[in-house]
Amino acid sequence: MLQYIDTHIHLDGEEFAVDCDSVVARAKAAGVQTMLIPGINLSSVESIGDVCSHYPGFCLGMIGLHPEDVNSGYESQLSALHAHLLQPPFPVVAIGEIGLDYYWSRDFVKEQCEAFETQVEWGSEFNLPLMIHCRKAQNDMVSILKRHKEVRGIFHCFTGNEYEAKDLLAFPGFCLGIGGVLTFKKSNLPQTLADAVPLERIVLETDAPYMAPVPHRGERNESAFIVHIIEKLAEVYQTTPEEVARITTDTAKSMFSL
């Protein structure tokens, strides 16, 4: 059986409130070894803590302020999140989900950049990888990261082109998080990966409950569905699913010190 890690699942979300035990059971049956749960704001610290305590050793969490949760009062949330990092309420494996998102609005661009850079600095302070979300903001994100070349992490939900991939992989401590978009019929991601991304620079993720892969597109996503991503990656890299699972798992274990 394949063994793999889901590096990004919002298992603490209300979408899993009714049947979380069943979702975890299906994941384990499919070969999932570990689920990593990103934080998005201060309130998610408590919900992630609840999930991690319910599935000890299997679910591990992150702490961070998502760019869509950044507003004019972001400093107080960052202060409280930093305090939790100093005294972790659960096993913290990364700073995340942090980043920049200009897709819906540019009202708080300055604040997003400030919040992002502060949290990038936490990566160095706590020797933790970063889980980075970026939409329509890659130039600003890259500019900030160039000031902090010592950090490492994951560019979550990569769906870009060959140029964007090479731009991101120029940061030697970073990998790309690959999820369900890889399997979409009109996705250019398979060709981009084949042309520009070594398999060793990839980790697996679902971003569940979002972005379910084919043949589950349109359904609530869950970790058990990663097998479809593995199969597609095996096709892209002309190797076996077992080799894809082994390499991506080794990369995730190294990145998150698992």
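**A helix residue and the sheet beside it**

Author: Thr 249 sits in helix H9. Helices (H or I, at least four residues) and strands (E, at least two) are DSSP runs, numbered from the N terminus. The model is predicted, so local features need pLDDT of at least 70 and side-chain atom pairs count only at pLDDT 80 or more, while totals for chains, interfaces and linings use all residues. Residues are numbered from 1 along each chain as its sequence is written, and side-chain values use heavy atoms, with hydrogens and water left out.

Start with Thr 249 itself. Its relative accessibility is 5%, so it counts as buried. Buried means under 20% relative accessible area, exposed means over 50%, and partly exposed is in between (1.4 Å probe, protein chains only). What does Thr 249 touch, leaving aside its neighbours within four places in sequence? It is in contact with Gln 3, Tyr 4, Ile 5 and Gln 33. Contact means heavy atoms within 4.5 Å.

Now look at H9 and its partner helix. H9 covers residues 241–256, and helix H8 covers residues 226–236. They pack at an angle of about 105°, with axes 8 Å apart. Axes are lines fitted to C-alpha atoms, for helices over the stretch in contact, and angles run from 0 to 180 degrees between N-to-C directions. H8 and H9 are therefore roughly perpendicular to each other. That label covers 65 to 115 degrees; under 35 counts as roughly parallel, over 145 as roughly antiparallel, and the rest as oblique.

Which residues meet there? From H8 come Ile 230, Leu 233 and Ala 234. From H9 come Pro 241, Val 244 and Ala 245. The residues of this contact divide into six nonpolar, no polar and no charged. Here Ala, Val, Leu, Ile, Met, Phe, Trp, Tyr, Cys and Pro count as nonpolar; Asp, Glu, Lys and Arg count as charged; the others, Gly among them, count as polar.

The loop between H8 and H9 holds Gln 238. Its phi is near 50°, a positive value in a residue other than glycine. Is Gln 238 buried or exposed? It is exposed, with a relative accessible area of 75%.

Go back to Ile 5, one of the residues that Thr 249 touches. Ile 5 stands opposite Thr 34 in strand E2. Strand E1 (residues 4–6) and E2 run parallel, joined by three bridges. Two strands pair if DSSP finds at least two bridges between them. The chain goes from E1 through helix H1 (residues 20–30) to E2, and this β-α-β crossover is right-handed. Right-handed means that, with the strands pointing away from the viewer, the path from the first strand over the helix to the second runs clockwise.

E2 spans residues 32–37. Five of its six residues are buried, so E2 is mostly covered. E2 also pairs with strand E3 (residues 59–63), again in the parallel sense, over three bridges. Met 35 stands opposite Cys 59 in E3. Leu 36 has Leu 60 as its bridge partner there. In a regular strand the side chains alternate between the two faces of the sheet.

Now widen the view. The open sheet has eight strands in the order E1-E2-E3-E4-E5-E6-E7-E8, with parallel pairing. E1 and strand E8 (202–204) stand at the edges, each with a single partner strand, so one side of each has no neighbour in the sheet. The twist averages 30° from one strand to the next.

Strand E4 (residues 92–101) contains Val 92. Val 92 is buried, at 18% relative accessible area. It touches Gly 61, Met 62, Ile 63, Leu 85 and Leu 128, not counting residues up to four places away in sequence. The peptide bond from Gly 96 to Glu 97 is cis, with omega near 15°.

End with the loop between E8 and H8, where Asp 207 lies. Asp 207 has a positive phi of about 60°, although it is not a glycine. With 10% relative accessibility, Asp 207 counts as buried. Pro 215 lies in the loop between E8 and H8 as well. The peptide bond from Val 214 to Pro 215 is cis, with omega near 15°.
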